[in-house]
Amino acid sequence: MTERPVLYLVVCAAGPAEHIDELVDLLIADGWQVCMIVSPTAAPWLDRQALQDKTGYLVRVEWRMPGDPEPHPPADVVLAAPVTFNTVTKWALGINDTLALGVLNESLGAGLPIIAFPHTKAELAAHPAYSGHLEVLRAAGVVVADGKPLDSMNGPGRWGVVIDALRTARTS
């Protein structure tokens, strides 16, 4: 029997994050070991202890101290869902001021498969820099979902598109 692949789930402070436990359940049922990295702004929105109990791994928000062991196994795939305007913009510029951005930047540099599901207000998506930053990430190999597939109008079904994208990435 082979070990389940490791998925790093990077969660930012956008509406769908309030229901990230639904996605975690689906990911685990789909055979992933889920290791969560959460932006500092999203952290207070989540029941980190319940998510840690569910995944078996520390839900990380802050950098570890030098010499401390790495609390997560190495990732096979990285999923950023939801990812905000702020994170997309900083990520495309290589800014590394949170653990979430650090994981995204390092994963990009390591050539890991990365799938991103932006969730951004229309006003921010219309900012002249935003589409260019998405293109920078795409050009670097990040699979970026179009539109707003995590819209709350989709209810719990919003996560189906994420699972489908991961299944496609797993077989390609």
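Two strands are taken to pair if DSSP finds at least two bridges between them. In this predicted model, strand β1 (residues 6–11) and strand β3 (residues 77–83) meet that criterion, pairing in the parallel sense over four bridges.

**Sheet**
- The open sheet is built from five strands in the order β2-β1-β3-β4-β5, with parallel pairing.
- Within the pairing of β1 with β3, leucine 9 stands opposite leucine 79 of β3.

**Helix packing**
- Two packed helices are described by the angle between their axes and the distance between the axes.
- Helix α3 (residues 85–93) and helix α4 (residues 99–110) have axes that come within 10 Å and cross at roughly 45°.
- The two helices, α3 and α4, are therefore oblique to each other, and their crossing is right-handed.
- On the α3 side, the contact involves Thr87, Lys90 and Trp91, which meet Leu101, Leu104, Asn105 and Leu108 in α4.
- By class, this contact of α3 with α4 comprises four nonpolar, two polar and one charged residues.

**Annotated domain**
- An unreviewed UniProt entry places the feature "domain: Flavoprotein" at residues 9–144.
- In the model, the end C-alpha atoms of residues 9–144 lie 15 Å apart, and the span is 39% helix and 17% strand.

Definitions and conventions. Residues numbered from 1 in each chain as written. Predicted model: local features only at pLDDT ≥ 70, side-chain atom pairs only at ≥ 80, totals over all residues. Heavy atoms only, no water. UniProt positions renumbered as here; feature names shortened; annotations may be inferred. Axes fitted to C-alpha atoms, helices over the stretch in contact; angles between N-to-C directions. Parallel < 35°, antiparallel > 145°, perpendicular 65-115°, else oblique. Left-handed = near helix turned anticlockwise from the far one by under 90°. Contact = heavy atoms within 4.5 Å. Nonpolar A, V, L, I, M, F, W, Y, C, P; charged D, E, K, R; others polar.
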